[in-house]
Amino acid sequence: MKNKYFDGAHKWEEKDENTIGLPRPFAIPIRKDLAKKVPIPWQSLDRFESYGHLGLNLKNEDLVYKNNLCSYCGIKIKKEEIVIRWINAPVEITSRKGPKIFSDFHPLHLNCMEQARIFCPHMRKLQDSDFELGKFKKLKQNAISDAMKSKESKDVSDWFFNSNKKNIKKNDES
Ligand SMILES: [Zn+2]
């Protein structure tokens, strides 16, 4: 059956950690609570065979805040672009290495969030009211404000605070 989310997609391999854009490479998990094919976000790794769930690509995860990227597809988001982010995330227990990570509440492209909300077993339980829609430059600031509430925000490396300063400066200029 043809499925728009996988049209032209291939099965995820290790080298796909650098594959950006849609469609995402997919995994074939055997878990019954998941679809037969699951897209692998850019900041994730297919670890379904070893751990039974996604792994985290920490290098890509760190680049999300630093380079204003969509964690799902890895493509840079434009300042004025209308994007969407999760607003009721458990920010206090977010850490750099998971299980709840900072990119969970960073803005995503609309198409990318649509897929995340279909295929991610956590995201698919959320309501529309658990998300906010708006220009990237505004939602990025909100994401950083949320990240500051994490008990581990002081443990994140310079990328976080640098992206915060850079972003505030950019917003002042615009
Ligand atoms: Zn995206």
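Asp 16 is partly exposed because 18 other C-beta atoms lie within 10 Å; a residue counts as buried with 20 or more such atoms within 10 Å of its own C-beta, as exposed with 12 or fewer, and as partly exposed in between, C-beta atoms being placed from the backbone. The model is predicted: local features need pLDDT of at least 70, side-chain atom pairs count only at pLDDT 80 or more, and totals for chains, interfaces and linings use all residues. Residues are numbered from 1 along each chain as its sequence is written.

- Asp 16 lies in the segment before strand S1 (26–27); strands (E, at least two residues) and helices (H or I, at least four) are DSSP runs, numbered from the N terminus.
- Beyond its neighbours within four places in sequence, Asp 16 is in contact (C-beta atoms, placed from the backbone, within 7 Å) with Pro 25 and Ile 40.
- The C-alpha atoms of Asp 16 and Ile 40 are 9.3 Å apart, although 24 residues separate the two along the chain.

- Strands S3 (residues 44–47) and S4 (residues 53–56) run antiparallel and are joined by 4 bridges; pairing requires at least two bridges found by DSSP.
- Arg 47 stands opposite His 53 in S4.
- The hairpin has 5 residues between its strands, and Gly 52 takes a positive phi near 85°.

**Helix H1**
- In H1 (residues 58–67), the buried residues are Asn 60, Glu 61, Leu 63, Val 64 and Tyr 65.
- Asn 68 follows H1 and has a positive phi, near 55°.

Conventions. Contact = placed C-beta atoms within 7 Å.
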